[in-house]
2 protein chains.
Amino acid sequence: MNTTQRISRAAGRTRASDIRDLLQYAHLPGMISMAGGLPAPELFDRDGIQTSTERVLREHHMIALQYGMTEGQPKLRQQLASLMAQRGCPTDAQDILVTTGSQQALDLIARTLIDEGDSVVLERPTYLAAIQVLQLAGARILTLPGDKQGAKVELLPELVGAQRPKLVYVVSNFANPSGACLSLQRRKQLLQWAVANQVLVIEDDPYGDLRFAGEPLPSLLELAREIAGAEQWCGYVSSLSKTVAPGLRIGWTVLPPTLLESAVKIKQSMDLHTSSFTQEVAADYLASGLLARHLTKIRTAYRSRGEALAEALLQSFGNELEFNQPEGGMFLWGRFQSGMDTRKLLDLARKQGVIFVPGDTFHADSPDRSSLRLSFVTCSEEQLREGVKRLAIAYQQLAGAVPRPIH
Amino acid sequence: MNTTQRISRAAGRTRASDIRDLLQYAHLPGMISMAGGLPAPELFDRDGIQTSTERVLREHHMIALQYGMTEGQPKLRQQLASLMAQRGCPTDAQDILVTTGSQQALDLIARTLIDEGDSVVLERPTYLAAIQVLQLAGARILTLPGDKQGAKVELLPELVGAQRPKLVYVVSNFANPSGACLSLQRRKQLLQWAVANQVLVIEDDPYGDLRFAGEPLPSLLELAREIAGAEQWCGYVSSLSKTVAPGLRIGWTVLPPTLLESAVKIKQSMDLHTSSFTQEVAADYLASGLLARHLTKIRTAYRSRGEALAEALLQSFGNELEFNQPEGGMFLWGRFQSGMDTRKLLDLARKQGVIFVPGDTFHADSPDRSSLRLSFVTCSEEQLREGVKRLAIAYQQLAGAVPRPIH
């Protein structure tokens, strides 16, 4: 008998992230990694964050270093409310709960709502850590296929049948991994379905501020204000990780008041509160107005990189690799028309000195084995072009070894 | 129908902290609060933290602001391993998991081990947020009474009977709220029982470094190395919140390797990782060697305050209030010999301008209604003396209204 035999059912069903295992290769010399989900570190606004940190420690270190409120530091909640207004969705600071990254918001929402065996709806493919957190909660996961317009919400009635899921989770803008934005029509349709079926919709929006082409869409939270009863069935999650810095671990959620109240009580048991120091630094940084300039800088760099990757892929793979031209976010999602198994491709690609994440990783079920996720933000344009060349060599090796299916 | 009716069973059984509600009065003008569990903010080492923050942002901001490993930043794990060695218990950095405050370590351990209905053993009284996190997990809580030598572990066989609890939780040094240190004999006895019954002991030690009188005792983790099989049944939790600053939210746990592995996978879903920024700042601060000097400063101040409070209580209440002379930590635990109801006392005390936490708050069951917890660290000596005077007035008012029981 040992301690392992005493773990909880929840611990028994968790599995480590594939990506985590894959990232060990990212540090090998000469490796080009398009596998990560990290923002570009050389673009971090060190000076801006340094200035905010100094000011916080000089002007109110006794607040920044002390215990704080579970809901979040009042100054940061105020700044996040302003940020929500800039996103077209004015929000009361009282309706915002600060979390330790948006990951904690997802865990918190799962714990607030889900009992073992409850069903939930996810897009297929979707954010791996959302699948993991819902599996940890013991949820029964139903998956809705997606396309270039996001999750096919029109299939919800058929998918759900007589069940009543606890929530539907969607990444509304530049989804990880698909890069897709949920279309306006589907956003409205999803909200209408949510009200009619009294199911909570959780909109995760870490990437919306990283749009570098095309027109922004209103958030579900904003649209919910125009649909009778919808606000009560709408939750929003976001983060400063992709716009300011992940190391601060600042996320937030906007939830209907009664759910927020339950979530606050649970968060108190989870970590008392998110770091008051990083919250005060983030609040000062947002108040300084530096984010707008910084976002322009990130968007410009990400656009060039996204375009470079798309161009190189088109050149090497032509129509064989189907993908969206990126308009924002961090990821390009591709699918080999030949049905090429991207996990096998990864083995060869790694030997060529390039890694990516095979698409099956992002599926809770019915994996699409010929898809892959390429991050375009942490490599230079030159590295992206070189990475694609290496990928094409690996592809040729595998295509030579495996007969192409007949179309 | 609304969203409230859709919450999980876990959300349904959480309750807000009494202390949280009480602390709203702490901000009233002129109020003397001995109710908080906060360290003294005027003693924070602002300059030291400022220096570390600058160095971190200057020398490796791309690491400090980026995503990090779930286990914790390697530098911090190394520094915490050194700190463990200074505490008499050399530990491998690989056996340390960094958490968002020790509160997250408790939640993580609960999630790793406990299924709804599992039993656990707590001291009576004990740390409120430990009660809350175990209630959130759905644990069946068994309580072991404590005295000036800590939990009466000799009563474990009788308490537990035929059950096999998932864990026993003890605050080993200057426990919150009792101020007691578990005696050496009981530490050994607890470990022997744990091995014989194959039950995990979780030792929570946030206050051990705040000893200002008497002799330190070896941690259970250290003692476990001398008892065959005990290491496997021993977990340790601690925090920088009471020694460096709570706002950094740096806690850690040392667990047997297989449990640590499960815990890491769960933490990945919980918040990916604790703030890499505050971890790097903490690692730099620990590496700078400033903590030793800072601890001397805190201990000196806390000793004077603890003595001032004890003296004032003796003067005002004589033998009527039974309490330990504090030798460390932050709290003085008292008990009125008359059986005075401290919740009623609080109502009157608040009107006199002083607050404390009634002892029943810290009981999962069988509340002791004539006990109270007084923090001596956030008030000046003068405020403590004035606070005790006000408390004595409230006591006289209540004692006048309620006949004293005959001894």
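In the predicted model, chain A is superposed on chain B by a rotation of 180° with 0.0 Å of shift along the axis. The RMSD of this superposition is 0.0 Å. The two copies are thus related as by a two-fold rotation axis. In general, a rotation about an axis and a shift along it relate two copies of a chain.

The interface between the chains was examined next. Contacts join 69 residues of chain A to 69 residues of chain B. Six elements of chain A each give two or more residues to the side that touches chain B. These are α1 (9–13), α3, α5 (101–113), α6 (128–136), α10 (257–271) and α11. Of the elements on this side, α10(A) gives the most, with nine residues. By class, the side of chain A that touches chain B holds 30 nonpolar, 27 polar and 12 charged residues. Of the interface residues of chain A, 100% are also interface residues in chain B, so the copies meet through the same surface.

Within chain A, the domain assignment gives two domains. Domain 1 covers 3–45 + 292–401, and domain 2 covers 66–289. The C-alpha centres of domain 1 and domain 2 of chain A are 24 Å apart. Their contact takes 32 residues from domain 1 of chain A and 32 residues from domain 2 of chain A. On the domain 1 side of this contact, α1, α12 (290–317) and β11 (331–336) of chain A each supply at least two residues. Helix α12(A) gives the most to that side, with six residues. The side of domain 1 of chain A that touches domain 2 of chain A has 15 nonpolar, 10 polar and seven charged residues.

Helix packing was then considered. Two packed helices are described by the angle between their axes and the distance between the axes. In chain A, helix α3 (residues 46–64) and helix α11 (residues 276–287) have axes that come within 8 Å and cross at roughly 125°. From α3(A), the contact is made by G48(A), I49(A), S52(A), T53(A), R55(A), V56(A), I63(A) and A64(A). From α11(A), S276(A), F277(A), E280(A), V281(A), D284(A) and Y285(A) take part. The residues of this contact of α3(A) with α11(A) divide into seven nonpolar, four polar and three charged.

The corresponding pair was examined in chain B. Helix α3 (residues 46–64) of chain B packs with helix α11 (residues 276–287) of chain B at an angle of about 125°. The axes of these chain B helices are 8 Å apart. Helices α3(B) and α11(B) are therefore oblique to each other. The crossing of α3(B) with α11(B) is right-handed. Residues G48(B), I49(B), S52(B), T53(B), R55(B), V56(B), I63(B) and A64(B) of α3(B) meet S276(B), F277(B), E280(B), V281(B), D284(B) and Y285(B) of α11(B). By class, the contact of α3(B) with α11(B) has seven nonpolar, four polar and three charged residues.

Backbone geometry in chain A was also inspected. Most residues other than glycine have a negative phi, and most peptide bonds are trans. The peptide bond from R124(A) to P125(A) is cis, with omega near 0°. P125(A) sits in the loop between β3 (119–124) and α6 of chain A. The peptide bond from N176(A) to P177(A) is also cis, with omega near 10°. P177(A) is found in the loop between β6 (167–171) and α8 (184–197) of chain A. F174(A) likewise lies in the loop between β6 and α8 of chain A. The phi of F174(A) is near 50°, a positive value in a residue other than glycine.

Definitions and conventions:
Residues numbered from 1 in each chain as written. Chains lettered and ligands numbered in written order. Predicted model: local features only at pLDDT ≥ 70, side-chain atom pairs only at ≥ 80, totals over all residues. Axes fitted to C-alpha atoms, helices over the stretch in contact; angles between N-to-C directions. Helix = DSSP H or I, 4+ residues; strand = E, 2+ residues; numbered from the N terminus. Contact = placed C-beta atoms within 7 Å. Nonpolar A, V, L, I, M, F, W, Y, C, P; charged D, E, K, R; others polar. Least-squares fit on C-alpha atoms with pLDDT ≥ 70 in both. Domains from an automatic or database assignment. Parallel < 35°, antiparallel > 145°, perpendicular 65-115°, else oblique. Left-handed = near helix turned anticlockwise from the far one by under 90°.
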